[in-house]
Amino acid sequence: MERTKNQQFFIYLGVIAVMIFTLAPIILLIIATLSSGQDLNSKTLHFLPSHWTLKNFTDIFTAGSNDASVPPFMQALKNSIIVSLSTTVLTLIIAILASYAISRFRFKGQNGLLMSTLGFRMVPEIALLIPLFVIFARFGAINNLSSLILIYTAFNLPFAIWMLQGFFRSIPKSMEESAYLDGVSSLGVLIRFILPISLSGIIATGIFVLLASWDEFMFASIFTSTYDSKTITVAISEFSKRGMVNFGMQITGGLIASLPPIVLALLFQKFIVSGLSEGSEKG
Amino acid sequence: MAKIVMKNIKKRYKNSESLTVKDFNLSIDHKEFIVLVGPSGCGKSTTLRMIAGLEDISEGDLLIEEKRMNDVAPKNRDIAMVFQNYALYPHMTVYDNMAFALKIKKINKSEIDLRVKEAAKILGLEEYLKRKPKALSGGQRQRVALGRAMVRNPKVFLMDEPLSNLDAKLRSQMRAEISKLHRKLGATTIYVTHDQTEAMTMASRIVIMKDGKIQQIGTPKEVYDHPVNRFVAGFIGSPSMNFISATCSDTALKIGDLTFTIPKEKIEILKTTGYLNKKITLGIRPEDIHHEPKEVNDSNTFETTIDVSELMGSESLLYTSLGDSTLIAKVNSTNIANGEKITLSIDFNKIHFFDKDTEEVIQSTNQSKLISIS
């Protein structure tokens, strides 16, 4: 159906309205990072700063090196990268093996296992915060990146297992049987067939896990108290303390923290969207 | 090229009371093309999967080349299987799909290349070798699946309803191609289908199954001409055989109010087996009923009104009734209208008798010998 010029006009009008609504905060964020502290703290509201500056960026990359009361942003960034990447890799390895077993093999308590992973997910994280802290503290595992990695992995696993077993189930079983007849082992089938065919699903799951652990604040803020172990979310929150609000640093930190997810999403959107399993069966 | 023997093979699934396959006995010769046929749920696919090693054998022995294969891993049985949904590897090109099993076996590259290209040539896939399965039509995918099995040069080919996802025209074309391929390669083939046409046209021997039990084993002609029971008689042949209640005295056959004279040999069968003057089921194939254009009044004709006449092109299917059963006739006349009153004749030399209760065929003893030998 051909659209008339009028219809097209209104459609674009709608699109523009939605775009402004979603993009305006980001544009304001970018403008704010380029403003001086004076502008950000002034009572009269400006849309554009009185003068442009890159001071926020130069400050944030040297944060903490001269003044011990300011969190070292670069260290926090590094911690966040380590924690979220390790969490993602660990979660994916465990989830791939677990969900392949659940989706393909029959064993006692299979459904119970699957339901209990889901049930675990239903428990609010905050309810587990204190017990987990006590446990980790007993083992002296506080202020340690690996404890964050463990906790994030535990909380992300149910979701990852559910996502992946759905993808694995959609792969026709006969394809695997065919591979067995061709002489491939179970693990070989997983590595040579299941992984490449469900690559899009695995990457999508991985990105969700990565974002969840990148964004996590609650556990990180309780489990870490030294700059060596604080992650970026905690560091950003600590730019403002009692009696001192550093909008410039906070906003700039926020902008930098939001870059990796955006870059990842752009890089992998092809995988997130496409379904590679097509064509194995009758199309 | 292998001999396969199945002795008392049974399959019981976990959590299932009954046997899915009950006591399957079959000996398959070199180069045979065996078709397992039956309605869905009759255990034919399960039997095939047990031969492939994809299902455990609960009881009995499977021998390939006189070696017991029950506990041998699928990959070591030297078999290739073609699946109903093709089961191609979607992330590999056609070439890689076909070469994969050979690569796993660590066969050298030039040999792989030779075999894949030869198979592609036979199957007409040469120009598609670089494509992924996604970019192929159903028929082409099916050919890739066949090619993948072919290049392995296996002892046994197993095919699980390989044509049922194709449209009718392509199906008959592929049917001929598979038959041709079998003649060319000469590999022992076991083929599962629910389509009696495929069974009749391709098989060297047909195994008809129902409820996990073999009903009859025989060449297409044998099972068509000498079905052992009502199920086989109804399953083989299209349209299905007509089954009509009748009683036969030593002079005439009575169906409803009509009486017919039938050949002496046929009466003799009933006489020796003690079915004279008892209710029996008569089996008449639609193609053994003929249209008599002129009004004749023979001992094997009857007059009837046609309920529905379906023109098939060179022939017509006529739906009418005889006694209290509906009757389908396949006749050469193509100008019969619905509701028309015509005369039909029955070729009583080709009729079958079945026991009303056991549904087994009624046959003289020397005839049954003939069947068991074949």
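In chain A, 72% of the contacts with a separation of 6 or more are between residues 24 or more positions apart; two residues are in contact if their C-beta atoms, placed from the backbone, lie within 7 Å. This is a predicted model, where local features need pLDDT of at least 70, side-chain atom pairs count only at pLDDT 80 or more, and totals for chains, interfaces and linings use all residues. Residues are numbered from 1 along each chain as its sequence is written, while chains are lettered from A and ligands numbered from 1 in the order in which they are written.

Chain A has 13 helices and 0 strands (DSSP runs numbered from the N terminus: H or I of at least four residues for helices, E of at least two for strands). The radius of gyration of chain A, taken over C-alpha atoms, is 24 Å, well over the 19 Å from the globule rule for 283 residues, so chain A is more spread out than a compact globule. That rule is 2.2 Å times the number of residues to the power 0.38. Along its principal axes, the C-alpha trace of chain A spans about 70 × 70 × 30 Å.

Now to the partner chain. The contact takes 20 residues from chain A and 24 residues from chain B. On the side of chain A that touches chain B, α8 (173-181) and α9 (186-197) each supply at least two residues, and α8(A) gives the most, with 6 residues. Here is that side of chain A by class:

| Class | Which residues count | Number on this side |
|---|---|---|
| Nonpolar | Ala, Val, Leu, Ile, Met, Phe, Trp, Tyr, Cys, Pro | 9 residues |
| Polar | the others, Gly among them | 6 residues |
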